Amino acid sequence: VRRQQLAQHGFFSLMGITGHIGVLYRLSGENWRVTTILPEGAWLQLKIGNQRAALSIHRHLDFFMLIDETWGVMPPPEHLLMQVGIGGIRRARVPLRWLASVRGYVISDALLEEHVERDRIRQIMTELSCDADSTLLSGYQAELEKRVSMGTLKLRSLRACLRAAVDLLHTAKSEGRGIVEQHQIDILLKIKPGIAANLWGFISFLNARRGGLAVLVVDKKKIEISRRSKLELQMIKLAIAARSGSDVQRTWITQSLVYFHRLHPAPSSEVTSIPDPEGNGYSVTLAGVTYWIPDPRSLSLVQAKDL
């Protein structure tokens, strides 16, 4: 009804912003919404001018109506975020900027990140169609949540652990098996060796509930073989791209330190390289230590495939 009254009185027309807010004031009376939107409108005028402010102020009305009708005052940031979600926060970014500058009302980056992570976790938890698997996963989540509340596990790590657990349950389901078996773990880690650390906890959780069945393990040797195979494939692609004229030098150098010298991945900003005089490779320095790596353009296609 109020929206219809506002439209009848020209609130959404191109009259000045003062007229817009004045109509809102007369129709609604002096409540929280009005005493909030009046100064917000004045602030918007100063920021972007009368004309643009008049054209955009009505977009903020829904936000202020929601606040007024749901709480009557600005709620704690976590309550607002739960109500409107990330999308609603984006749409209300201008009023929230005003609230931050004038009233110190701030939704912290940490709170936004937590909300995003919780959304992702909820999505992961809905992926399983089997009730038994869902129950199993919920039990595992409960154990992880205890560690989060104790401060020994970050929410992002919890999500990664659940993601790895769901991947394993999907792998078992694809074979029509009701329980997880060792070869399914091996298959998954051959495809995704990078999730091994996140899978350890779920495998321990499963072992505690397997009774007399064989203990499940993460085979480190098989994981290393899988990692090397994936890295070899990446190196071959980079070598072929370099011989085709693509500029892959930076990526080649950082990946070569991992492949040829078995170092941990390092940001390219921490690496310096000097071509050797013969043009066959680079002298690469990382953390005060110098390594030699071949130039991919000096490798033949056969050599690249034999990396």
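Here is a short chat about folds, salt bridges and pockets.

Reply: Happy to! This is a predicted model, where local features need pLDDT of at least 70, side-chain atom pairs count only at pLDDT 80 or more, and totals for chains, interfaces and linings use all residues. Residues are numbered from 1 along each chain as its sequence is written, and side-chain values use heavy atoms, with hydrogens and water left out.

Me: Switching topic: how many salt bridges does a search of the whole structure find?

Reply: The search finds 13, counting a side-chain nitrogen of Lys or Arg within 4 Å of a carboxyl oxygen of Asp or Glu.

Me: Which residue does arginine 156 form a salt bridge with?

Reply: Its partner is glutamate 113, with the closest N and O atoms 2.8 Å apart. Arginine 156 sits in helix H10 and glutamate 113 in helix H8 (residues 109-125), so the pair ties together parts 43 residues apart in sequence.

Me: What about arginine 118, what does it meet in a salt bridge?

Reply: That would be glutamate 145, at 2.6 Å, N to O. Glutamate 145 is in helix H9 and arginine 118 in helix H8, 27 residues apart.

Me: Nice. Now pockets: what volume does the largest pocket have?

Reply: About 430 Å³. A pocket is an open set of points on a 1 Å grid over the protein atoms alone where a 1.4 Å probe fits, with protein on both sides within 12 Å along at least five of seven lines; lining residues have an atom within 4 Å of a point. The volume is the space filled by probe spheres set on the points.

Me: Which residues lie nearest its centre?

Reply: Among its 14 lining residues, Glu224, Arg227, Leu231, Val258 and Leu263 lie nearest the centre. Helix H13 gives the most to that lining, with six residues.

Notes: Helices (H or I, at least four residues) and strands (E, at least two) are DSSP runs, numbered from the N terminus.
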